[in-house]
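Thanks for making the time this morning.

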Amino acid sequence: NAFRDCERAMQERWMSMLKAVTPDHDITDEVCVWPTGTRIDVLDAGTDDSLVIYEMKVKKGEPQHLYQLLMYWDGLVHTGRQPTQAVLIVPHYTEDLAQMAEMINKTHMVAQVILIIFRLQPWMTKTSLRDNSVSP
């Protein structure tokens, strides 16, 4: 599948970039969650107990991609690992999708603390590894 090959290349490039910026992190790909064999594209386990899920898409971000991240998040929690952030990396996304990510974050808030942090990240911006924005 051509799309899967493009996503795989994107995934490998992202992992390479992450490893260059955070060499002390454990950065892995195709991490299996759930008994169904569902796999996370990239998982970044930091030395500070951070655990960031990355989902890569070669086309525009869609609502189901955010729910895919939620599925990964829940799968990790069921294995005893607590994610700290989930990032959808796509070439572009709509303002509606950014609002959806914010709404999901607010839905998973307890006592003013956001339990799930979803973030959208445009692919290949100059600040891709350091930018925390959710604007398109």
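When I say that residues meet or touch, I mean a contact, that is, heavy atoms within 4.5 Å. Please also keep in mind that what you see is a predicted model.

Let me begin with the overall layout. The chain holds three helices and seven strands, and from the N terminus on these elements run α-β-β-β-α-β-α-β-β-β. Of the 136 residues in the chain, 42% are buried, and among contacts between residues at least 6 apart in sequence, 58% join residues at least 24 apart.

Now to the helix pair. Helix α2, residues 63-78, and helix α3, residues 95-107, have axes that come within 10 Å and cross at roughly 30°. Since angles under 35 degrees count as roughly parallel, α2 is therefore roughly parallel to α3, and α2 passes α3 in a right-handed crossing. Which residues in α2 meet α3? They are P63, L66 and Y67, and their partners in α3 are L97, M100, A101 and I104. The residues of this contact of α2 with α3 divide into seven nonpolar, no polar and no charged.

Finally, the loop residue. S50 sits in the loop between β2 (38-45) and β3 (51-56). Is S50 buried or exposed? S50 counts as buried, because its relative accessibility is 17% and the cut-off for buried is under 20%. The side chain of S50 makes a polar contact with the side chain of D48, at 2.7 Å. Leaving aside residues up to four places away in sequence, S50 touches H25, D44, A45 and T84.

Note on methods
Residues are numbered from 1 along each chain as its sequence is written. This is a predicted model: local features need pLDDT of at least 70, side-chain atom pairs count only at pLDDT 80 or more; totals for chains, interfaces and linings use all residues. Side-chain values use heavy atoms; hydrogens and water are left out. Axes are lines fitted to C-alpha atoms, for helices over the stretch in contact, and angles run from 0 to 180 degrees between N-to-C directions. Helices (H or I, at least four residues) and strands (E, at least two) are DSSP runs, numbered from the N terminus. Angles under 35 degrees count as roughly parallel, over 145 as roughly antiparallel, 65 to 115 as roughly perpendicular and the rest as oblique. A crossing is left-handed if the near helix is turned anticlockwise from the far one by less than a right angle, and right-handed if clockwise. Ala, Val, Leu, Ile, Met, Phe, Trp, Tyr, Cys and Pro count as nonpolar, Asp, Glu, Lys and Arg as charged, and the others, Gly among them, as polar. Buried means under 20% relative accessible area, exposed over 50%, partly exposed in between (1.4 Å probe, protein chains only). A polar contact is a pair of N or O atoms within 3.5 Å; within protein, one must be able to donate a hydrogen and the other to accept it, and residues adjacent in sequence count only if both atoms are side-chain atoms.
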